[in-house]
Amino acid sequence: MHVVELRFECFDNTTISAAEKAINGLLEAYRANGQVLGREFAVAFNEGEFRVRLLMPEKSSLSKRFNSPWVETALSELTDAKLLAPREKYIGQDINSEVSSLDTPSWQLLYTSYVHMCSPLRNGDTLQPIPLYQIPATANGDHKRMIRWQTEWQACDELQMAAATKAEFAALEELTSHQSDLFRRGWDLRGRVEYLTKIPTYYYLYRVGGESLAVEKQRPCPKCGSKEWLLDEPLLDMFHFRCDTCRIVSNISWDHL
């Protein structure tokens, strides 16, 4: 990932509220298209200009060729707030985040966790994140639905990892059940991505609990019931099951490994 600073200069008298609305609108549009990562952006006003530092999948993430219709509209609305188009200042590569995938994968998957800020679409050969703007828009001109699904998955993951309230059990059900709303939305998005990219795309179904390692190895695919999905060797040292029919990958319960 890479860090860039955007600077917004005023070309006429404006107000903080007008500038705030226009800048935040642009940042949210970038986020919905996968061009910037994270949820919160600190916008500072100093020496007559507004500045914000952003984390991006690639150095070229803000290139015009990747812009969604929403991004283009948000850029045009800067003028109404008396702001010039943002100037970019490249800061450098972020040492605490993952490197985006540059190669076309043989297969890909939806995978995230509460500690990841990167794209939830991963290269199945390397597990590197694939910038969402590199694939066709999944819905309504960008990837807002994918980002929303990722946010919900991460919220459930954080609840179950904290294990401090009864909400843990509801969150765990969303992560592990093929009948949950979270699974349904994510699996549908997976299908949409596969249709658009023509690349086999899988959904990661989280697994924890269970009786024993022996019982886990006999666990069938929850969607079709096949027991042929257990792999001889785990994929990427993480996924012990893969159903090519249902496009699901999963792990042997972390409690028994």
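## Strand pairing

Two strands are said to pair if DSSP finds at least two bridges between them. In this predicted model, strand β8, residues 230-235, and β9 meet that condition, since they pair in the antiparallel sense over 2 bridges.

With β5 it pairs in the parallel sense over 3 bridges, and L110 finds its bridge partner in Y203 of β7. With β10, β7 also pairs in the parallel sense over 3 bridges. There, L205 stands opposite S250 of β10.

## The chain as a whole

The chain contains 6 helices and 10 strands. Its C-alpha trace spans about 70 × 40 × 35 Å along the principal axes. Of the 257 residues, 47% count as buried. The chain exposes about 13100 Å², and carbon and sulfur atoms supply 50% of that area.

Contacts can also be sorted by separation in sequence. Among those between residues at least 6 apart, 66% join residues that are at least 24 apart. As for charge, the chain has 29 positive and 35 negative charges, and the mean positions of the two sets are 4 Å apart.

## Strand β7 in detail

Strand β7 is mostly covered, with 5 of its 5 residues buried. In a regular strand the side chains alternate between the two faces of the sheet. In β7, T201, Y203 and L205 point one way, while Y202 and Y204 point the other way; all are buried.

## The nonpolar cores

The largest nonpolar core has 35 residues, and those touching the most other members are L109, W153, Y203, Y204 and F239. Several elements each supply at least two residues of this core: the helices α3 (144-162), α4 (167-176) and α5 (181-197), together with the strands β5 (108-110), β7 (201-205), β9 (239-243) and β10 (248-250). Helix α3 gives the most, with 5 residues. Another core, of 22 residues, lies apart from this one and includes L6, Y30, F50 and A81.

What does F239 touch, leaving aside residues up to four places away in sequence? The residues touched by F239 are L109, Y111, L127, Y204, L231, P234, V249 and S250. Two of these, L109 and Y204, are also named among the core residues that touch the most other members.

Definitions and conventions
Residues are numbered from 1 along each chain as its sequence is written. This is a predicted model: local features need pLDDT of at least 70, side-chain atom pairs count only at pLDDT 80 or more; totals for chains, interfaces and linings use all residues. Side-chain values use heavy atoms; hydrogens and water are left out. Helices (H or I, at least four residues) and strands (E, at least two) are DSSP runs, numbered from the N terminus. Buried means under 20% relative accessible area, exposed over 50%, partly exposed in between (1.4 Å probe, protein chains only). Contact means heavy atoms within 4.5 Å. Accessible areas come from the Shrake-Rupley method with a 1.4 Å probe; for residues, only the protein chains shown count as cover. Lys and Arg count as positive and Asp and Glu as negative; His and the chain ends are not counted. The place of a charge is taken as NZ of Lys, CZ of Arg, CG of Asp or CD of Glu. A nonpolar core is a set of buried Ala, Val, Leu, Ile, Met, Phe, Trp, Tyr and Cys residues joined through side-chain atoms within 4.5 Å.
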